[in-house]
Amino acid sequence: MDKLDALRIFATVIETHGLTAAARRLGLSRSAVSKAVTQLEQSLGAQLLNRTTRHVSPTDTGAAYYERAVAILADMDEADRAVAERHGEAKGAIRLNAPMSFGTLHLAAAIADFMALYPEIRVEAALSDRFIDPVEEGFDLTIRIARLADSSLIARRLAPARRVLCASPAYLAAHGNPATPGDLTDHNCLHYGTLPTGTRWDLAGPQGAVPVAGTLCSNNAEVLLAGVLRGAGIALLPTFIAGADLQAGRIITVMPDYPPTDLAIHAIYPPSRHLSLKLRLLIDFLVDRYGERPYWDLVS
């Protein structure tokens with residue numbers, strides 16, 4: 001096996017904390033990954049990994065070698081990227097992960113338009129609301145909607161993710177319009193009950209997080225929106241889901257003086273992956289498409 005291929009396999013084993021996870025990311029068999037690392041150790045005359053039946057970890061020598069290997073691989077990737085940019089080439093595969101609703105409502109069309117501009121780029125889009133580890137699962141780019149915690153991942157902001165309290169005109173006519181966060185205890189609040197923070201809405205004002213309860217909870221905002229449209233109650237929804245119905249007047253913003261805290265939509269990628277031309281083009285495309293005033297927030 002080529003020495004650079006062996007280095008890349010070894011680095012992937014360290015990054016994914018296991019032979020099986022590395023094999024999954026690289027599209028190889030576990031035995032091929034194990035053989036590559038063993039051959040690398042034999043060529044060096046040194047043990048790089050501590051192996052048990054459940055876990056692998058670098059030896060002191062392996063940890064030092066990993067740092068040098070990552071630098072070498074990064075230099076090679078940078079050289080490849082420089083040549084590709086010089087020749088104006090944008091091709092290859094991008095493994096992309098994104099939340100389900102945002103992916104279907106806004107990312108799917110964006111990807112199709114992007115691929116029309118760059119037909120040599122292949123996009124493998126995996127949509128899931130499961131919180132994934134991009135490094136362990138081998139994604140080149142992950143779309144994450146949150147207030148990001150400190151992380152070794154590199155993030156670029158694509159757009160704001162505003163949220164609103166909203167209800168249908170019919171619900172408010174029947175049950176009244178809450179004036180303050182405390183009034184929500186008298187209303188049917190449709191919420192993300194499967195999340196730890198789902199039954200507490202973080203609103204502006206001295207009261208802060210407000211406990212809520214209702215007859216419908218879901219881990220999917222489109223389900224909650226369907227309930228709001230049918231007059232079932234009040235929900236806290238992102239405008240990238242509720243924007244079209246707000247613009248059309250089918251639902252109304254509730255308590256605008258107590259807005260929910262906003263999130264942001266980010267593109268994140270591991271620091272060990274140099275920002276290749278294809279990845280930079282996709283991120284720039286998404287920034288231009290969404291921006292600080294995304295189309296789902298514009299009043300028609």
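Reader: Where does the model come from, and how are residues numbered?

Author: This is a predicted model, in which local features need pLDDT of at least 70, side-chain atom pairs count only at pLDDT 80 or more, and totals for chains, interfaces and linings use all residues. Residues are numbered from 1 along each chain as its sequence is written, and side-chain values use heavy atoms, with hydrogens and water left out.

Reader: How many helices and strands are there?

Author: The protein has 10 helices and 13 strands. Both are DSSP runs numbered from the N terminus: helices are H or I with at least four residues, strands are E with at least two.

Reader: What box do the C-alpha atoms fill?

Author: Roughly 75 × 45 × 30 Å, taken along the principal axes.

Reader: What percentage of the residues is buried?

Author: Of the 300 residues, 44% are buried. Buried means under 20% relative accessible area, exposed means over 50%, and partly exposed is in between, using a 1.4 Å probe and protein chains only.

Reader: OK, sheets. What is the strand order in the sheet of five strands?

Author: The order is E4-E3-E5-E13-E6, in an open sheet with mixed pairing. Two strands pair if DSSP finds at least two bridges between them. The edges are E4 (121-127) and E6 (154-161), each of which pairs on one side only. From one strand to the next, the twist averages 20 degrees.

Reader: In what sense do E3 and E4 pair?

Author: Strand E3 (residues 92-98) and E4 are parallel, over seven bridges. Ile-94 stands opposite Val-123 in E4.

Reader: Which helices lie on that sheet?

Author: H5 lies across E3, E4, E5 and strand E13 (263-269), at about 175 degrees to E4. H10 also packs on the sheet, where it touches E3, E4, E5, E6 and E13, and its direction makes about 20 degrees with that of E6. Axes are lines fitted to C-alpha atoms, for helices over the stretch in contact, and angles run from 0 to 180 degrees between N-to-C directions. Contact means heavy atoms within 4.5 Å.

Reader: What about the sheet of four strands?

Author: That open sheet has the order E8-E11-E7-E12, and its pairing is mixed. Its edge strands are E8 (189-190) and E12 (252-253), each pairing on one side only. Strand E7 (residues 163-167) pairs with E12 in the antiparallel sense over two bridges. The bridge partner of Ala-167 in E12 is Ile-252.

Reader: Which helices lie across those strands?

Author: Helix H8 (residues 221-229) lies across E7, E8 and strand E11 (234-238), at about 140 degrees to E11. Helix H9 (residues 239-248) lies across E7, E11 and E12, at about 115 degrees to E11.

Reader: Which residues of H9 are buried?

Author: Thr-239, Phe-240, Ile-241, Ala-242, Gly-243 and Asp-245. Their cover includes helix H5 (100-117), strand E5 (141-146), E7, H8 and E11. Just after H9, Gly-249 takes a positive phi of about 80 degrees.

Reader: Switching topic: which residues touch the most others in the largest nonpolar core?

Author: Leu-107, Ile-143, Leu-158, Leu-286 and Tyr-290, in a core of 43 residues. Helix H10 (residues 277-290) gives the largest share of this core, nine residues. A nonpolar core is a set of buried Ala, Val, Leu, Ile, Met, Phe, Trp, Tyr and Cys residues joined through side-chain atoms within 4.5 Å. There is also a second, separate core of 20 residues, which includes Phe-10, Val-13, Leu-19 and Leu-73.

Reader: Why does Cys-166 count as buried?

Author: Cys-166 counts as buried because its relative accessibility is 0%. Cys-189 counts as buried because its relative accessibility is 0%.
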